[in-house]
Amino acid sequence: MSELKVVYFDLRARGEPIRLVLEAAGKKYEDVRLSFDEWPAEKPNTPYGQLPYIVYNGKKYGQSLALANFVAREFGLYGKTNLDALRIDEVSGLTADLVDSVFKAKFENDETKKAELSQKLWDEAVPKYFGFFNTLLSYNGNTGFFVGSTVSLADLLVFNLLDSLIAEKAEIANTFSPELNKLRSNVQKHPFLNAYLAKRKNVPF
Ligand SMILES: N[C@@H](CCC(=O)N[C@@H](CS)C(=O)NCC(=O)O)C(=O)O
């Protein structure tokens with residue numbers, strides 16, 4: 001039997017898409033969450049000095065997007081065709097860009113720069129990327145799935161991104177389009193994800 005361990009901080013952020021894929025696929029895994037106190041001692045044991053990493057059949061692998069892609073491919077959440085995979089990769093790239101802007105604004109120490117980054121994030125980047133997501137969802141018949149008619153990695157990445165945005169600014173949920181709300185509800189009503197989300201620990205981001 002294969003051994004699968006996901007190691008990350010006790011956060012959603014870059015680790016949660018991997019967990020969401022595994023939960024959606026109904027795969028058993030060990031959800032290891034390191035505290036910030038444990039981190040300095042654990043850092044040298046990671047493949048690239050950062051989290052998340054996974055241990056799969058005794059070997060360690062890193063880089064969050066590569067890991068999410070791998071588990072999605074391995075367990076059937078990467079669409080059915082090469083074009084589905086391309087669409088998923090597009091969404092993945094877009095999501096990564098926006099996540100990057102969220103964290104840059106969140107962790108900026110200079111107050112003036114932080115205010116500038118936050119304003120650009122909420123007034124420009126978020127509406128622009130929501131527009132991209134809405135367009136892509138319309139290409140798949142406004143089903144609330146980016147590809148096909150079941151949850152894929154793309155839906156889970158955007159679901160997690162929307163959670164991160166809500167954590168920073170709850171009112172942003174009022175600007176979600178019907179298509180984005182449909183995506184959220186598709187994820188929330190998936191039987192395995194529904195059970196996971198109901199018991200998931202509430203962490204800050
Ligand atoms: N490109 C990497 C970035 C990983 C990353 O920035 N990890 C952060 C947590 S989200 C981390 O390990 N920070 C602690 C450190 O760098 O010491 C990935 O996507 O996995």
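Visitor: With which residues is Phe133 in contact, leaving aside its neighbours within four places in sequence?
Guide: The model is predicted: local features need a pLDDT of at least 70, side-chain atom pairs count only at pLDDT 80 or more, and totals for chains, interfaces and linings use all residues. Contact means heavy atoms within 4.5 Å. With neighbours within four places in sequence set aside, the partners of Phe133 are Val91, Leu94, Thr95, Phe146, Val158, Leu161 and Leu180.

Visitor: Which residues touch the most other members of the largest nonpolar core?
Guide: A nonpolar core is a set of buried Ala, Val, Leu, Ile, Met, Phe, Trp, Tyr and Cys residues joined through side-chain atoms within 4.5 Å; buried means under 20% relative accessible area, exposed over 50%, and partly exposed in between (1.4 Å probe, protein chains only). A second, separate core of 12 residues includes Tyr8, Phe9, Ala13 and Phe103. In the largest core, which has 54 residues, those touching the most other members are Phe130, Phe133, Phe146, Leu156 and Leu165.

Visitor: What is the average pLDDT of the protein?
Guide: Residues are numbered from 1 along each chain as its sequence is written, and side-chain values use heavy atoms, with hydrogens and water left out. The predictor's confidence in each residue is the pLDDT, which runs from 0 to 100. The model scores ipTM 0.98 and pTM 0.96. In the protein, 99% of the residues score at least 70, and the average pLDDT is 97.

Visitor: Is helix 1 largely enclosed or open, and how many of its residues are buried?
Guide: Helices (H or I, at least four residues) and strands (E, at least two) are DSSP runs, numbered from the N terminus. The elements covering the buried residues of helix 1 include strand 1, strand 2 (30–34), strand 3, helix 3, helix 6 (153–168) and helix 8 (191–199). Helix 1 (residues 16–24) is largely enclosed by the rest of the structure, because the buried residues number nine of the nine.

Visitor: In strand 3, which residue is the bridge partner of Val7?
Guide: Two strands pair if DSSP finds at least two bridges between them. Strand 3 (residues 53–56) has Tyr53 and Val55 pointing one way and Ile54 and Tyr56 the other, all of them buried. Strand 1 (residues 4–9) pairs with strand 3 in the antiparallel sense over four bridges. Within this pairing, Val7 is partnered by Tyr53.

Visitor: What is the phi of Asn57, in the turn between strand 3 and strand 4?
Guide: Strand 4 (residues 59–62) runs antiparallel to strand 3, and four bridges join them. Val55 stands opposite Lys60 of strand 4. The two strands form a hairpin with two residues between them, and the phi of Asn57 in the turn is positive, at about 45°.

Visitor: How many aromatic pairs does a search of the whole structure find, and why is the pair of Tyr56 and Phe70 edge-to-face?
Guide: Rings of Phe, Tyr and Trp (its six-membered ring) pair if their centres lie within 6.5 Å; planes under 30 degrees apart count as stacked, over 60 as edge-to-face and the rest as tilted. The search of the whole structure finds 10 aromatic pairs. The ring centres of Tyr56 and Phe70 are 5.4 Å apart, and the pair is edge-to-face because the planes stand at 70°.

Visitor: How many residues apart in sequence are the parts that Tyr56 and Phe70 tie together?
Guide: Tyr56 is buried at 13% relative accessibility, whereas Phe70 is partly exposed at 24%. Tyr56 belongs to strand 3 and Phe70 to helix 3, so the pair joins parts whose separation in sequence is 14 residues.
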